[in-house]
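Please open the model in your viewer and keep the selection panel at hand, as this tour goes from stop to stop and says at each one what to select and what is there.

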Amino acid sequence: MNGDVAVLFTGQGSQYIEMGMELAAHYPIVQQTFDEADAILEPLFQKKLTDYIRRDPNTMETLQFAQLRETQIAQPATLTIDIALYRLLKSFGLKAHRVAGHSLGEYAACVAAEVMSFKDALLAVCARGKGMAAIELEDSGTMASIGTHPDKVRAILKDIDGYVIAANMNAPSQTVIAGETAAMAEAITTFKSKGFMVQPLAVSHAFHTKLVSPASEPLRKVLNNLEISAPTIPINSNVTGEWYPSNADAIRDLLAMQVASPVKWIKQVE
């Protein structure tokens with residue numbers, strides 16, 4: 001195969017019960033990654049991360065998924081499976097020449113680019129998730145995927161009452177909107193009436209909007225205490241759609257801003 005290989009990492013909203021468990025049973029590197037995450041996070045959670053992921057026959061599945069969906073659990077869980085899969089692919093000979101991650105996935109990209117260790121990335125996303133969960137809002141907002149170009153989405157959103165924005169510019173045929181619950185409900189009804197495909201997302205907050213901006217400052221304080229290094233391979237930023245700088249404080253600034261900034265994924269992929 002000729003050409004460079006780009007590795008892209010998924011973000012929150014793709015989590016599900018039993019994710020990675022079958023792979024862990026077959027591949028030691030996957031199990032070792034889960035074990036590492038359990039050891040790091042059990043003192044924080046008073047429970048193993050894998051206890052949230054592995055199917056518990058004594059808990060209703062809907063209740064267990066609701067727990068896994070919670071921001072402070074979903075974020076480290078998703079980061080862990082991202083890194084487990086990346087390590088597995090590396091063991092098969094994959095070499096990444098550049099990386100990017102969608103929203104939370106950017107932290108996995110940081111691990112792959114050696115900007116931070118897996119341990120520090122877990123601590124950072126725990127702080128990120130905890131900061132978001134701790135935001136005291138009457139309305140945490142919602143998110144939904146719309147099956148059309150961001151420009152068409154923005155044009156329709158101009159006529160919606162309340163706060164709702166194009167938060168993730170994912171592809172020419174997919175845009176994620178996010179905002180206040182009432183405005184989102186009106187927007188979803190409008191998009192459906194116009195024949196667009198609409199899919200609500202399994203998230204607890206309206207990420208990448210001003211609603212979660214209070215989480216940026218406490219996250220920045222945590223990032224100040226983590227070791228941040230210049231990337232060993234190019235990594236692309238959700239905030240700018242450009243390549244990461246080499247300066248540690250500039251990287252910390254990008255990661256702190258990323259919480260409440262729209263994701264410029266189309267630009268990143270291009």
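How close do the axes of H8 and helix H9 (residues 181-193) come, and at roughly what angle do they cross? Before you select them, keep in mind that this is a predicted model. With both helices shown, you can follow their axes to where they come within 11 Å and cross at roughly 120°. That angle makes H8 oblique to H9, and the crossing of the pair is right-handed. To see what makes the contact, select Val153, Ile156 and Leu157 on H8, together with Ala187, Thr190 and Phe191 on H9. Sorted by class, the residues of this contact are five nonpolar and one polar, with no charged residue.

Stay with Val153, which belongs to helix H8 (residues 150-157). Is Val153 buried or exposed? Its relative accessibility is 0%, and Val153 therefore counts as buried. If you leave aside residues up to four places away in sequence, Val153 touches Ile146, Thr148, Ala166, Thr175, Ile177 and Phe191. For a sense of distance, select Phe34 as well: 119 residues separate Phe34 and Val153 along the chain, and their C-alpha atoms are separated by 39 Å.

The next stop is another pair of helices. Select helix H10 (residues 216-224) and helix H11 (residues 248-258), whose axes come within 9 Å and cross at roughly 150°. With angles over 145 degrees counted as roughly antiparallel, H10 and H11 are therefore roughly antiparallel to each other, and their crossing is right-handed. On H10 the contact is made by Ser216, Leu219, Arg220, Leu223 and Asn224, which meet Asp249, Arg252, Asp253, Leu255 and Ala256 of H11. Divided by class, this contact of H10 with H11 holds four nonpolar, two polar and four charged residues.

Keep H10 on screen and look along its axis. Which residues of H10 are buried? They are Ser216, Leu219, Arg220 and Leu223, and because these four cover an arc of only 105° around the axis, they are on the same side of H10. If you turn to the other side of H10, you find Glu217 and Lys221, which are exposed.

From here, go to Leu8, found in strand S1 (residues 6-9). Leu8 counts as exposed, because its relative accessibility is 51% and the cut-off for exposed is over 50%. Not counting residues up to four places away in sequence, the residues that Leu8 touches are Ala100 and Trp265.

The last two stops concern the backbone. Most residues other than glycine have a negative phi. Select Glu18, in the loop between S1 and helix H1 (21-26), where phi has a positive value near 80° in a residue other than glycine. Glu18 is partly exposed, as its relative accessible area is 34%. Then move to Glu114, in the loop between helix H6 (105-112) and helix H7 (118-134). What is the phi of Glu114? It is positive, at about 60°, although Glu114 is not a glycine.

Methods
Residues are numbered from 1 along each chain as its sequence is written. This is a predicted model: local features need pLDDT of at least 70, side-chain atom pairs count only at pLDDT 80 or more; totals for chains, interfaces and linings use all residues. Side-chain values use heavy atoms; hydrogens and water are left out. Axes are lines fitted to C-alpha atoms, for helices over the stretch in contact, and angles run from 0 to 180 degrees between N-to-C directions. Helices (H or I, at least four residues) and strands (E, at least two) are DSSP runs, numbered from the N terminus. Angles under 35 degrees count as roughly parallel, over 145 as roughly antiparallel, 65 to 115 as roughly perpendicular and the rest as oblique. A crossing is left-handed if the near helix is turned anticlockwise from the far one by less than a right angle, and right-handed if clockwise. Contact means heavy atoms within 4.5 Å. Ala, Val, Leu, Ile, Met, Phe, Trp, Tyr, Cys and Pro count as nonpolar, Asp, Glu, Lys and Arg as charged, and the others, Gly among them, as polar. Buried means under 20% relative accessible area, exposed over 50%, partly exposed in between (1.4 Å probe, protein chains only). The arc is that of the directions from the helix axis to the C-beta atoms.
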